[in-house]
Amino acid sequence: MTKTFRGILLIPVAIGAMGAAEPRRPTGRWVVDYDDAQCVASRNYGTDDKPLFLALKPSPTGSVMRVMLIRNGASSDAEQRPASIRFDDQPAIAVNALSYGDAKTKQLAASINLPMETFAANRRASTIEIKGSRFNERLAVGGLTGVVAAFDECLANLRQVWNVGAPYAGRIARPAQSRRPLRDLFRSSTYPQQAMREGNTGRVGLALLIDEAGKVRDCMIEETSGYATLDTMSCYTITTHARFEPAIGADGKPAKSASFHRINWR
């Protein structure tokens, strides 16, 4: 189900004393997509033939916000690049973004995993500026508080459907089980080459939504390592190679469920 916010007012942003450039204004409204396995909000700042989308996707438990910029572009391999994100006139936050060009959609994207605590503290911001990873954009983002409220509703529904958290623990008699230890999927050949060259290490917390057939319907970062390559490879490896026996509900039948894991890269 898709919901479009109809009455979100754009907040005018004055040019500061330092002569900051006027932010790019949106050409469309916020659209929140209530997918059966995810919640995503997006807004267009370009045109139909040359779109520029800002997209937001919270993790199932609401601990990480994935911030994405998407525009037309050539196909390219995924690469971690240094970037920064800034809300209004707050200090810029140094981040690592994953930049990649999709051959099928012919779109270029930059993806940043931001702790929800940081995003929530800036939910009243009127501008977001993202620099690096092939993007340099300052966007007017009036209506973020409405988007956050919609996410609260969407995530509550998501947790109920997928039996996430203590309130729904009684619905699951046996949790989903990997058919082989997940650690066996991670070898030296799995380590992202860029991360290995740069000596990146860290721990990634994952939330997997596993359906009644044992298929991973979505993988989201719940705890970021701080390195886009490690975060992304964690989800890619599991969704590509892991196989699960589905959870069994209290009624003895296969059930939707969530499974949480930590991957240590070192």
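This briefing covers a sheet, a pocket, strand pairings and a salt bridge.

The model is predicted: local features need pLDDT of at least 70, side-chain atom pairs count only at pLDDT 80 or more, and totals for chains, interfaces and linings use all residues. Residues are numbered from 1 along each chain as its sequence is written, and side-chain values use heavy atoms, with hydrogens and water left out. Helices (H or I, at least four residues) and strands (E, at least two) are DSSP runs, numbered from the N terminus.

- Nine bridges join strand 13 (residues 202-210) to strand 18 in the antiparallel sense.
- A207 has F260 of strand 18 as its bridge partner.

**Largest pocket**

- The volume of the largest pocket is about 670 Å³. A pocket is an open set of points on a 1 Å grid over the protein atoms alone, where a 1.4 Å probe fits, with protein on both sides within 12 Å along at least five of seven lines; lining residues have an atom within 4 Å of a point. Volume is the space filled by probe spheres set on the points, which are joined across faces, edges and corners.
- The lining has 29 residues, and R66, L98, Y100, T232 and C235 are the closest to the pocket centre.
- Strand 6 (76-87), strand 7 (93-102), strand 8 (107-115), strand 14 and helix 4 each give two or more residues to the lining.

**Pairings of strand 6**

- Strand 6 pairs with strand 7 over eight antiparallel bridges, and Q80 has L98 of strand 7 as its bridge partner.
- Five residues separate the strands of this hairpin, in which D88 takes a positive phi near 50°.
- Strand 6 also runs antiparallel to strand 9 (residues 127-132), joined by five bridges.

**Salt bridge**

- E137 and R24 form a salt bridge at 3.0 Å, N to O (a side-chain nitrogen of Lys or Arg within 4 Å of a carboxyl oxygen of Asp or Glu).

Terms used. Pairing = 2+ DSSP bridges.
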